[in-house]
Amino acid sequence: MIEKIKEWLSKYSVVLMVGSFLLYSVYINRADDIYSYVKAWYVLDYSYGFGSRLLIGSILHLLCGEVVMDAAAYHFVVTALCLLCIAVALFAGYVYRRMEDKYTKIAVLFLIVFYIASPASPEYLWTIENMGRLDTYLFLITVLMAFVYFKVKNVYIRYLLFTIFGIAAVFIHQVYFFLFFPFLLVIMLQDIWKSGWDKRKVICAVCSVLSISGFFLYMQFGSGIYYDYETLMTRLNEHTDLPLDGAPMEAEYFWTLKDHFYKNMVPEIPHHLKYGFMLVCMLVPVWGGYLWAWLHAIGHSHKRQKIKYILMLCTNLAYLPVFMLMNDWGRWFAALFIVGFLDIMLLAGDEDEGMCHALRNLGEAITCNPMPFILAILYVVTFEKFEGLNFPEQVTDFYYTTYNIKNWLLHH
């Protein structure tokens, strides 16, 4: 009996490690309240209109009745965060168990620890500025899609689930199309290439992408709220004891895209470009590590596989619109790094030859000289988790410390 328990603990050690750490972090580190900017979306439902961001509020009204209480909404968020932690842990453990080679196991374990330590860890979703963000549910759905790919063998059911999950994500928040949808595209590309361009899969993938894209376009341009701003706020306050901020309601439902760009984005451009550039430079170990794996996979592959990897990398172009038109660069960076991690893990779990070759090289490098990789983990631990609008404090601290040292040197 004891031997069986030891064997089980050994088999699921990664799941237990990741799950325990993340759940403990939720337990002790989560913010005490839903971030004020997003509270209204736990009250809005389809009686207010038909558009994106109304699905979560509709679910809460089904659970709570006509009035959504602050405590109920908060517990709903915490439950979703716990489910996300479990899903991430199960995904990490599943990919790790799929690795048969010692070196690829070491590489995958390193990537898992490196990701959990990074600013894009799921912990970013329970900081003060992100607690209750709808990104929580988008991330959860994205991880579930990976399980659909690995576990659902029937082609039609698999792509039907992809489509349902994708449309549900757009209903939760239309920004899914730019943040996490690229991962679904990578899944589909991998599935199509692995099958040798099976016509059924190509047709299903095209139909799924067109369906999700169509719903996104409708949610972005053809839907909205039934009421004017004053009536909307009056109704909202009648259906909750949550203290609601009117600013996001006005911005999200009564501003045009042009308003968003000129009122939100333009004033922040100098700040975003300066600190965004510094953040990219300071987090070279994260994006540089991901890029290293892709380049090694491409270098080891024949021409047809190279095209697949290049197309997969091109899915990251979807992030350009949100970085150019919207302010919350912390959230966009988090999603970019999350999808980068999930892409590599998915290909590893699917025993993709090129990516497994890259990870084998990584594992051998870690085995021969572990110190740089340990230092890389310790380095990313020094960063706080991504916020919404704000950059990690370490970026601004680095800038001002460097600036002060420069002034001191010039005057001495």
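Predicted model: local features only at pLDDT ≥ 70, side-chain atom pairs only at ≥ 80, totals over all residues.
**Stop 1: α6 and α9.** Select residues 135–151 for helix α6 and residues 181–194 for helix α9. Their axes lie 10 Å apart, at an angle of about 10°. Angles under 35 degrees count as roughly parallel, so α6 and α9 are roughly parallel to each other. Now show side chains. On α6, pick T142, M145, A146 and Y149. On α9, pick F183, L184, I187, Q190, D191 and K194. These residues make the contact. By class, six are nonpolar, two polar and two charged.

**Stop 2: α9 and α10.** From α9, select F181, L184, L185, M188, D191 and I192. They meet K201, V202, A205, S208, V209 and I212 of α10. This contact has nine nonpolar residues, one polar and two charged.

**Stop 3: the core.** Next, the largest nonpolar core, with 145 residues. Which of its members touch the most other members? Select Y42, L44, F139, F180 and L236. Then colour helix α4, residues 70–98. α4 gives the most to this core, with 17 residues.

**Stop 4: L236.** Centre on L236 and look at what it touches. Leaving aside residues up to four places away in sequence, the partners of L236 are A40, V43, L44, Y48, L244 and M249. Of these, L44 is also among the core members that touch the most others.

Note on methods
Residues numbered from 1 in each chain as written. Heavy atoms only, no water. Axes fitted to C-alpha atoms, helices over the stretch in contact; angles between N-to-C directions. Helix = DSSP H or I, 4+ residues; strand = E, 2+ residues; numbered from the N terminus. Parallel < 35°, antiparallel > 145°, perpendicular 65-115°, else oblique. Contact = heavy atoms within 4.5 Å. Nonpolar A, V, L, I, M, F, W, Y, C, P; charged D, E, K, R; others polar. Core = buried A, V, L, I, M, F, W, Y, C linked by side-chain atoms within 4.5 Å. Buried < 20%, exposed > 50% of the residue type's maximum accessible area, 1.4 Å probe, protein only.
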